[in-house]
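Keep the structure in view as you read.

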Amino acid sequence: MFRVKSSFKTEFEVKAPLSRVRAFFADFKNFSEMLGGIESSRREAAGVTRWIISTETPVGRVRMSLPVRDTSPQPNTIEWSPALNETQNLMRYSLRFEERKGVTRVRVSQQVELRRKRAWDLHPGVGLMGEARLSSALQRRINEAIEDFLVRVKKKLEATESKKEKVKR
């Protein structure tokens, strides 16, 4: 079995109320508009949301379809886990929110695992790289994309919050 894995964890603060930050992350269109590599996300039957993601690797572009379901355990958490019966493209994405004095702390965790019988089932050139090298390249690309996304999200939410404060005065 050929497996490629990637994981990402961070936390950051946004000067905006929890309700606005959570609403932003709950809206799927914000991901496809602001997160590099997300081509689309669409809701399907049985509570499944399908994310279409593509990324460049040293052997060329890899495109994935990641079916996930909402498994959020609490109101201050957004969590997606692999759809039931999904065995190849596994993604778990979790956001936990905590507010203190108008500042929202966001904890982000993501794990991706791609499973195939053979390396070339993922991409014809992947067999030349091996699991470790491809996992490293995928990890780097995902981390860069998420870090850039979070910087842009923070800037957007804080700019919107700043405008609201000016209007109140």
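Q: Which residue in the turn between strand 6 and strand 7 has a positive phi?
A: This is a predicted model, where local features need pLDDT of at least 70, side-chain atom pairs count only at pLDDT 80 or more, and totals for chains, interfaces and linings use all residues. Residues are numbered from 1 along each chain as its sequence is written, and side-chain values use heavy atoms, with hydrogens and water left out. Strands (E, at least two residues) and helices (H or I, at least four) are DSSP runs, numbered from the N terminus. Strand 6 and strand 7 form a hairpin with two residues between them, and the turn residue with a positive phi, about 55°, is lysine 101.

Q: How many bridges join strand 6 to strand 7?
A: Two strands pair if DSSP finds at least two bridges between them. Strand 7 covers residues 103–116 and runs antiparallel to strand 6. Tyrosine 93 stands opposite glutamine 110 in strand 7. The bridges joining strand 6 to strand 7 number twelve.

Q: Which residue of strand 6 stands opposite tryptophan 80?
A: Strand 5 (residues 77–82) and strand 6 (residues 89–100) pair in the antiparallel sense over four bridges. Their hairpin has six residues between the strands, and asparagine 85 takes a positive phi near 70° there. Opposite tryptophan 80 stands tyrosine 93.

Q: Which residue meets glutamate 13 in a salt bridge?
A: A salt bridge needs a side-chain nitrogen of Lys or Arg within 4 Å of a carboxyl oxygen of Asp or Glu. Here the N to O distance is 2.8 Å. Glutamate 13 lies in strand 1 (residues 2–14) and its partner in strand 7, so the pair ties together parts that are 92 residues apart in sequence. The partner is arginine 105.

Q: Is glutamate 113 buried or exposed?
A: Buried means under 20% relative accessible area, exposed over 50%, and partly exposed in between (1.4 Å probe, protein chains only). Glutamate 113 forms a salt bridge with arginine 115, at 2.9 Å between the closest N and O atoms. Arginine 115 has 24% relative accessibility and counts as partly exposed. Glutamate 113 has 14%, so the class is buried.

Q: What kind of aromatic pair do phenylalanine 25 and phenylalanine 31 form?
A: Rings of Phe, Tyr and Trp (its six-membered ring) pair if their centres lie within 6.5 Å; planes under 30 degrees apart count as stacked, over 60 as edge-to-face and the rest as tilted. By this rule there are twelve aromatic pairs. In this one the centres are 6.2 Å apart, and with 55° between the planes the pair is tilted.

Q: Which element supplies the largest share of the lining of the largest pocket?
A: On a 1 Å grid over the protein atoms alone, a pocket is an open set of points where a 1.4 Å probe fits, with protein on both sides within 12 Å along at least five of seven lines; lining residues have an atom within 4 Å of a point. Of the 20 lining residues, the closest to the centre are Gly36, Ile38, Ile53, Ile142 and Ala145. Strand 3 (48–57), strand 4 (60–70), strand 6, strand 7 and helix 3 (131–168) each supply at least two lining residues. The largest share, five residues, comes from helix 3.
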